[in-house]
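The following exercises concern the interfaces between chains. Work each one from the structure before reading its solution.

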Number of protein chains: 4
Amino acid sequence: MNDLDARIRASFDRQTMMQTLGASLASVTPGQVTITAPILPTVLQQHGAGHAGLAFSIGDSAAGYSALSLMPEGAEVMTVEMKINLMSPAIGERLVAEGRVIRPGRRIMVVAVDVWAETGDTRKHVAMLQGTMIPV
Amino acid sequence: MNDLDARIRASFDRQTMMQTLGASLASVTPGQVTITAPILPTVLQQHGAGHAGLAFSIGDSAAGYSALSLMPEGAEVMTVEMKINLMSPAIGERLVAEGRVIRPGRRIMVVAVDVWAETGDTRKHVAMLQGTMIPV
Amino acid sequence: MNDLDARIRASFDRQTMMQTLGASLASVTPGQVTITAPILPTVLQQHGAGHAGLAFSIGDSAAGYSALSLMPEGAEVMTVEMKINLMSPAIGERLVAEGRVIRPGRRIMVVAVDVWAETGDTRKHVAMLQGTMIPV
Amino acid sequence: MNDLDARIRASFDRQTMMQTLGASLASVTPGQVTITAPILPTVLQQHGAGHAGLAFSIGDSAAGYSALSLMPEGAEVMTVEMKINLMSPAIGERLVAEGRVIRPGRRIMVVAVDVWAETGDTRKHVAMLQGTMIPV
């Protein structure tokens, strides 16, 4: 675990929402962060699929930490706006949110996330996010 | 509790995510649904404010049920896409998401939500959502 | 014509896109700017309605000038992101884009726009925009 | 020029907005359509860069034709919603909007577009769109 990984992980561990959702930090590289979460019985919508808020929550955190991974130590980041397109019901064993920085500006960072539902070795593209982060 | 209210409430009660977030259905009228949730210690981001996923989750459900409230019994609704602008940190006793239908089309429903952070008698506008629902 | 109106109008007149679309500045008050444009034969999509780019273009300018109207003289503003939901085909004599500032932050301004298609005395809600402006 | 290309081109030629912007159809393959437009003196914002409405307009058409390219002959497509993040001023000789279908559903098509500003052999990523198309 290098410095970048440790720094992101320390912030992630303070996000109690991530623990509530059962989410974990799967990988951290500069500009790219992946978060995964099981589709627990506690995070469903009315038809038994994962709630849109599950894909959004781990997607938003993956996007935020992608941005933070490109900023100097001690920096903090905040979501200005985020848009999610939902393409398939979140059905499977787990969701995987792969966040990345598209445009690392000094004042504005544009981020994108793909969210996959995985079961065993197969994965389906269930959501896509595009948003804006700012340093705070 | 009238028929509409009972119908929406029955669906809401099946959304386990709402229970996990401590959310409750505050009001249901045709085309307008309000959901409220305390800002619990279990739903925070790294600075101690409510996670963006909290405002999104109750906002998305408020939007969806606003749309469902205008549809015939037995109908179901799904989020196609949703965009959230976050205007202030979610700090306070509770969040209140007021959803409404802007355009009740047969194939496409355009919805909007305002999210407020309330403490005692005061409220602050913390987020705004605009999205699309479809009948399924 | 007061100072605010003159200042916005001077900037508007430099937007050659507005002239190309035949658009004009209909009203300017602090935090609210309205732009109108005829649905000319030169701005259509393939079915003869106004192109989505017409509603977007005057909507984006109305949003930007709403934000600029709350900023000190000499300030400039830029669109960070903008989302449009299209609710009905842009059919009629003219489009009217009513922009307003929802949240006038120092670093980030959240803006919203309603776009109407008007024919004589009737109007139809054809589009809705929600976006982010920053001072530059 | 094959059948698909001819079909898309015929529709594109009916979009008078594209002619007004000086846009042309650069390439058509199943699920991917590219539109290019010079940054003419007639499509600028107040600082002399291309107006956000230029990137949006050709981006929206590129997205729509990407969707149409996967649909049966005689089908038509409409924009439900579209979000654009603007990353850099549109400065250069021309804009190039590369649209693609992310999720080709029967009822809903999710589309994405990257917009580049080109000068000679160099290009800069100036905007990114993510949206929803429906067959009509």
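**Exercise 1.** How many salt bridges are there between chain B and chain A?

*Solution.* The model is a predicted one, in which local features need pLDDT of at least 70 and side-chain atom pairs count only at pLDDT 80 or more, while totals for chains, interfaces and linings use all residues. Residues are numbered from 1 along each chain as its sequence is written, chains are lettered from A and ligands numbered from 1 in the order in which they are written, and side-chain values use heavy atoms, with hydrogens and water left out.

Step 1. Look for a side-chain nitrogen of Lys or Arg within 4 Å of a carboxyl oxygen of Asp or Glu. Between chain B and chain A the count is 0.

Step 2. Turn to polar contacts (a pair of N or O atoms within 3.5 Å; within protein, one must be able to donate a hydrogen and the other to accept it, and residues adjacent in sequence count only if both atoms are side-chain atoms). Chain B and chain A have 24 residue pairs in polar contact, both at pLDDT 80 or more.

Step 3. Helices H1 (3-14), H2 (16-20) and H3 (52-68) and strand S3 (77-86) of chain B each supply at least two residues. S3(B) gives the most, with 9 residues.

**Exercise 2.** How many bridges join strand S3 of chain A to S3(B)?

*Solution.* Step 1. Strands pair if DSSP finds at least two bridges between them. Here 5 bridges join S3 (residues 77-86) of chain A to S3(B), and the strands run antiparallel.

Step 1. Locate a facing pair: Asn85(B) in S3(B) stands opposite Glu81(A).

**Exercise 3.** Which residue of chain D forms a salt bridge with Lys83(A)?

*Solution.* Step 1. Count the salt bridges between chain A and chain D: there are 2.

Step 1. Identify the partner. Lys83(A) is bridged by Glu81(D), with the closest N and O atoms 2.6 Å apart.

Step 2. Assign the chain A side. S3, S4 (94-104), S5 (109-119) and S6 (122-135) of chain A each give two or more residues to the side that touches chain D. S6(A) gives the most, with 7 residues.

Notes
Helix = DSSP H or I, 4+ residues; strand = E, 2+ residues; numbered from the N terminus.
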